[in-house]
Structures are given as structure tokens and as C-alpha cells.
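Thank you all for coming. Please take a moment to look at the structure on the screen, and then I will walk you through a few of its features one at a time.

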Amino acid sequence: MPVITDLRPAAGTAGTLPGLRSQIVAFAGFLGLSAAAWLLASIPIILNSTGWYAGSLKAPWMPPSLMFRITWMVLYVGVAAAAWLVWRKGGLTGPALAGYSVQLVLNAAWPVAFFAMYPMAGAAALWAAFLVICTLAATLAFLIVRFGPVDATAGLLVLPYFSWVVFSASLNLYAAIHN
């Protein structure tokens with residue numbers, strides 16, 4: 001007769017949480033996904049920040065470049081934590097999982113459109129990037145609405161990310177109009 005050592009219900013069962021080991025592995029996985037998206041997004045920025053972008057017209061409210069690096073790292077940790085909080089309650093499925101995945105892809109796609117495509121497409125690349133960042137903002141609004149009812153903290157953790165993306169969209173719009 002087999003010995004059952006773990007009597008906890010399966011993850012995602014109403015009112016239960018996954019085991020501690022599963023939670024740690026999942027959190028590390030969400031952080032890893034965020035780190036991968038951040039690294040992918042950094043490549044076109046690094047490759048083009050001293051090229052055309054250095055001489056471009058920037059919004060008067062543009063913060064120092066160091067602020068972007070720090071802010072994005074914090075925001076990526078926040079969205080990883082939000083997804084983890086929703087996952088551990090069994091809510092990261094269907095549309096919520098799709099929204100989480102889409103925001104990672106859009107966040108990695110924006111620097112490609114904005115920084116890497118500009119030398120080939122000019123201002124059209126900046127307008128394409130604006131479309132990407134607006135879609136990202138809509139996706140984040142969707143995540144706030146989906147995550148909040150599952151875990152209020154998760155919904156709140158996405159709010160700074162959403163706010164920063166809206167702010168970044170204003171910088172993108174200025175660049176598209178003036179370059």
C-alpha cells in the first residue's frame with residue numbers, strides 16, 4: 001500500500017494554496033520571465049541609444065536615462081509578484097494568463113519598434129511604437145481588472161506599471177510628433 005506524505009489539496013483548489021516549494025519555484029519563474037523580457041527589451045535600447053536616439057528631440061519632461069533602468073526593474077518585479085499572487089490562488093488561467101503573456105511580449109516589442117526600427121522606417125517606427133505602447137497600456141488595464149478581484153494586492157501592483165507606461169506613451173508621442 002502506497003504511503004501518502006502530502007495531504008494538501010491540489011494547487012488552485014478553492015481556499016487552498018500551493019505548497020511552499022511550488023510557490024518559491026513559481027515566483028522564481030515569474031521573476032525569470034520578467035528578467036528575460038527586460039533583457040530582450042534592453043538590447044535594442046543599448047544598440048541604438050547612442051545612435052539616432054542621442055540626437056533626437058525629446059520631451060521636456062523626459063527623466064534621466066538611469067531612472068528608466070531602475071524603474072523598469074522595479075516594475076518587472078512588481079508584475080512578476082502580481083502574477084505570482086494571482087497564480088497561487090488559481091486565477092492565472094485563460095484570459096488572465098493571456099493578458100500576462102501579451103504584456104511581456106508587448107513590453108519586449110516596444111523598444112524594437114521605437115529604437116531598432118527607426119533607422120529603417122523613420123517616424124513611422126515611432127508611430128508603430130506608439131501603437132504598441134498604447135496596446136500595452138490597454139493590456140495592463142485589463143490585467144488590473146482581472147487581477148484585482150482575485151488578489152487586491154496583485155491588482156495594485158500593476159497600477160504603477162500602468163502609470164509608467166502611460167507616462168512613457170506621452171514621451172513616445174512627443175518623439176513621434178517632433179522627429
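Let me begin with Val 74, which sits in helix 2, the stretch that covers residues 65–88. Please keep in mind throughout that what we are looking at is a predicted model. Is Val 74 buried or exposed? Its relative accessibility is 55%, and because the cut-off for exposed is over 50%, Val 74 counts as exposed. Together with Leu 66, Ile 70 and Met 73, Val 74 makes up a nonpolar patch on the surface, and the accessible area of these four residues together is about 360 Å².

Turning to helix 2 as a whole, its 24 residues reach 35 Å from the first C-alpha to the last, which is close to the 34 Å expected at 1.5 Å a residue. Just after helix 2 comes Gly 90, which takes a positive phi of about 80 degrees.

Now to charged side chains: how many salt bridges does a search of the whole structure find? The search finds 1, and it joins Asp 151 to Lys 89, with the closest N and O atoms 2.9 Å apart. Asp 151 belongs to the loop between helix 5 and helix 6, while Lys 89 belongs to the loop between helix 2 and helix 3, so the pair ties together parts that are 62 residues apart in sequence.

Methods. Residues are numbered from 1 along each chain as its sequence is written. This is a predicted model: local features need pLDDT of at least 70, side-chain atom pairs count only at pLDDT 80 or more; totals for chains, interfaces and linings use all residues. Side-chain values use heavy atoms; hydrogens and water are left out. Patches are made of residues with over 30% relative accessible area and no salt bridge: like charges are joined within 9 Å, nonpolar side chains (Val, Leu, Ile, Met, Phe, Trp, Tyr) within 5 Å. Accessible areas come from the Shrake-Rupley method with a 1.4 Å probe; for residues, only the protein chains shown count as cover. Helices (H or I, at least four residues) and strands (E, at least two) are DSSP runs, numbered from the N terminus. Buried means under 20% relative accessible area, exposed over 50%, partly exposed in between (1.4 Å probe, protein chains only). The expected span of a helix is 1.5 Å times one less than its number of residues.
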